[in-house]
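Thanks for coming, everyone. I'll go through one model today, chain by chain and helix by helix. Have a look at it first.

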Amino acid sequence: MLVFTASLILTAVVAFIQTTNWILLGNIIKPDLILVTLVTLALINHSWIRRTALITTAALILKFTPGLALLDFIFVGAALVAILLAGFLPWRQPVSLLVAILVGTVMINVDHLSLLPLIYELILNLLLGFILFNLLKLVHVSEIKLQKSRF
Amino acid sequence: MLLKVVLGVLLLLLALFLFFSNTFFLSRLSFTSSLNGLPGSLSGTNDPENRIAELEKENKNLKFQLLNEKLKKPGSVKVYSTYPFNNRGEIAIAAGANLGIKVGDVITYGDNILVGRVTKVFESYSTLITIFDPSWKMSVRVGEHEIDALMQGGNELTITLIPQEAEIRDGDLVITASREFPYGLGVGVLKNIKSAPGNAFKEAVLEPSFQLKQLKDVSIYR
């Protein structure tokens, strides 16, 4: 429960940061800090109920307009697919994680694809994912080692 | 496994629906407000304890009002947040239908610099597309000779379709010339002019007059 509570708080804080302009590089380049965080945290929150709660929390905080909008579905879909990929891909966990982040990032940008900003974003997201995964491994090594490919 | 995923998605959709359904939200507000009014109506308002509580509430409200007035610049509107993901120059501002904002209203930085155009209006806030959005295109005029050109949004703003024979220099001011906006609003200054031989047009980078990152207050152009 402690792991979940800590994950929930971290998700809420990161989602809030995602809506601010603190992480803007240039004028429109924003790394998907929240996607990377959700995918990484899914490695230590194995229950789908908990994962769903994390995604919902993030989606609620990220709301840019009231009511259900296309952005909400895109974000939730991208996060779900990325988490599924991170758990299912039959390779080593860091590689699966990076592939999951790559796919998730492309999905989030699906309604406004533009090559150069997408490349910047991908590089940033993959770097962030690598850093977060290694940080998580430091504090939660047993859980990560226990996770195995589901194939 | 699949069942768990499906259950998760359903729970997620249900949670989103419950949270964002306006009816649910308004009923909740109305219910809370009736609950808050209940103790007062039962105990009467002449009770000294109630009056002290009322005065304290009024005092706190006045303190916040003073702080707000101190922070607010005259005629300006606060910027709430930026679009949460990559590659969109959209922002939300703290003015909506309550302040007479309409779709298409022009938003400026100070009085003379174009920020963007309102795209959606809600009761207390609006969202707007800024000149940095990759989809942004508008006709502009460059420098004292008012040379016609086209401005395109993106992480790096560009000015294209500048006639090859046009006399332009780095540092020339760029102003709006599109009929959707008031004529002459500032957009930025020219830099890095590129002129390839054989091309009919020159291109340049536009240095904007503000950065989205530093945008805290904007004004509504009236």
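In chain B, take the contacts with a separation of 6 or more: 51% of them join residues 24 or more positions apart. Two residues are in contact if their C-beta atoms, placed from the backbone, lie within 7 Å.

A word on the source. This is a predicted model: local features need pLDDT of at least 70, side-chain atom pairs count only at pLDDT 80 or more, and totals for chains, interfaces and linings use all residues. Residues are numbered from 1 along each chain as its sequence is written, while chains are lettered from A and ligands numbered from 1 in the order in which they are written.

Back to chain B. It has 3 helices and 12 strands. Helices (H or I, at least four residues) and strands (E, at least two) are DSSP runs, numbered from the N terminus. Of the 222 residues of chain B, 30% count as buried. Buried means 20 or more other C-beta atoms within 10 Å of the residue's own; exposed means 12 or fewer; partly exposed is in between, with C-beta atoms placed from the backbone.

Now some single residues in chain B. Start with the loop between strand E6 (137–142) and strand E7 (147–152), where Glu146(B) sits. Phi of Glu146(B) is near 50 degrees, a positive value in a residue other than glycine. Glu146(B) is exposed, because it has 11 other C-beta atoms within 10 Å. Glu144(B) lies in the loop between E6 and E7 of chain B. With 10 other C-beta atoms within 10 Å, Glu144(B) is exposed. Its C-alpha is 38 Å from that of Phe85(B), 59 residues apart along the chain.

Asn192(B) is in strand E10 (residues 186–194) of chain B. Its phi is near 50 degrees, again a positive value in a residue other than glycine. Asn192(B) counts as exposed because it has 12 C-beta neighbours inside 10 Å.

Next, Ala177(B). Buried or exposed? Buried, because it has 20 C-beta neighbours inside 10 Å. It lies in the loop between strand E9 (173–176) and E10 of chain B. Leave aside its neighbours within four places in sequence, and Ala177(B) is in contact with Ser139(B), Val140(B), Arg141(B), Asp148(B) and Tyr183(B). Ala53(B) is another matter: it is 124 residues from Ala177(B) along the chain, and their C-alpha atoms are separated by 57 Å.

On to where the chains meet. How many residues does each chain give to the contact? Chain A gives 34 residues and chain B gives 29 residues. On the chain A side, the elements giving two or more residues are helix H1 (2–19), helix H3 (48–62), helix H4 (70–88) and helix H6 (115–139). H3(A) gives the most, with 9 residues. By class, that side has 16 nonpolar, 13 polar and 5 charged residues. For the classes, Ala, Val, Leu, Ile, Met, Phe, Trp, Tyr, Cys and Pro count as nonpolar, Asp, Glu, Lys and Arg as charged, and the others, Gly among them, as polar.

Let's take H1(A). It has 18 residues and reaches 26 Å from its first C-alpha to its last, close to the 26 Å expected at 1.5 Å a residue. The expected span is 1.5 Å times one less than the number of residues. Its buried residues are Ser7(A), Thr11(A), Val14(A), Ala15(A), Gln18(A) and Thr19(A). They are on the same side of H1(A), because they cover an arc of only 135 degrees around the axis. That arc is taken from the directions from the helix axis to the C-beta atoms. The face turned away carries the exposed residues Leu2(A), Thr5(A), Ile9(A) and Val13(A). What covers the buried residues of H1(A) includes helix H2 (33–42) and H3 of chain A, together with strand E1 (76–82) of chain B.

H3(A) next. Its 15 residues should span 21 Å at 1.5 Å a residue, and its end C-alpha atoms are 21 Å apart, which agrees. Its buried residues include Trp48(A), Arg51(A) and Leu54(A).

Last, H6(A). Its buried residues include Pro117(A), Leu124(A) and Leu132(A). The cover over its buried residues includes H2 and H5 of chain A.
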